[in-house]
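Okay, thanks for coming, everyone.

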Amino acid sequence: MSVSEDIIYYYCKKILKKSDIYIFAGEPPGGSDELHRVELKYPGNSKKGSKGSKKIDLIGYHHDSFLLIELKDSYKKLKSDILKLNEILEDNFWIEALWNSLNERNLLGNGKIPNFTKEYFYQNKNTLFQKCLGTYPSSYIPPENFLYFEVKENYLKCRGKNVVNNNLLKDIIKRISNYN
């Protein structure tokens, strides 16, 4: 059994927010919603438009870490999202693009997220950002240092393997425990 990516997105966002995890940006499947749209612009594209840019399904901030969450309707479709998140965090160009997008929308220093400098993003990218995946519940084993959300209607469970910020994982598990 599986559910649509729309359902995965909706319940992941809804339950994280209800669990007092600050979800502030997103790119829902096929549309937009009340969250800020954060687009990492490719520098080679000087024209208007999104050519070469990257968008992240959900972005949150919790326990001094940004949650970069990519969602799919099946774990079999996660490979491209794993590559995308790895690329974003391994290349300072994409770290800068993320900082620029957050800064342009006045999301840094907004009372919930500190006013981080671009240099802070570069210097702390291994601890400041947590890569996350989400899909319908399965026996899928996520890569190291990824949080994995299992999502279905009114259900959210989280697990991870060798994550840098284990306290983040424990707190999320505790906060969403009412929904699994």
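So, the structure holds 1 cavity of 30 Å³ or more. By cavity I mean, on a 1 Å grid over the protein atoms alone, a set of points where a 1.4 Å probe fits but cannot get out; lining residues have an atom within 4 Å of a point. Volume is the space filled by probe spheres set on the points, with grid points joined across faces, edges and corners.

Before I go on: this is a predicted model, where local features need pLDDT of at least 70 and side-chain atom pairs count only at pLDDT 80 or more, while totals for chains, interfaces and linings use all residues. Numbering runs from 1 along each chain as its sequence is written, and side-chain values use heavy atoms, leaving out hydrogens and water.

Which residues line the largest cavity? They're S65, N126, T127, F129, Q130, N145, V164 and N165, around about 40 Å³ of space. Two elements, α5 (125–128) and β6, each give two or more residues to that lining. Helices here are DSSP runs of H or I, at least four residues, and strands are runs of E, at least two, numbered from the N terminus.

Now the sheet. It's open, with 6 strands ordered β1-β4-β5-β6-β7-β8 and mixed pairing; two strands pair if DSSP finds at least two bridges between them. At the edges, pairing on one side only, sit β1 (22–26) and β8 (155–160). β8 runs antiparallel to β7 (residues 146–152), with 6 bridges joining them. For instance, V151 has L156 in β8 as its bridge partner.

How values were computed: 1 Å grid on protein atoms, 1.4 Å probe; cavity = no way out; pocket = protein on both sides within 12 Å on 5 of 7 lines; lining within 4 Å.
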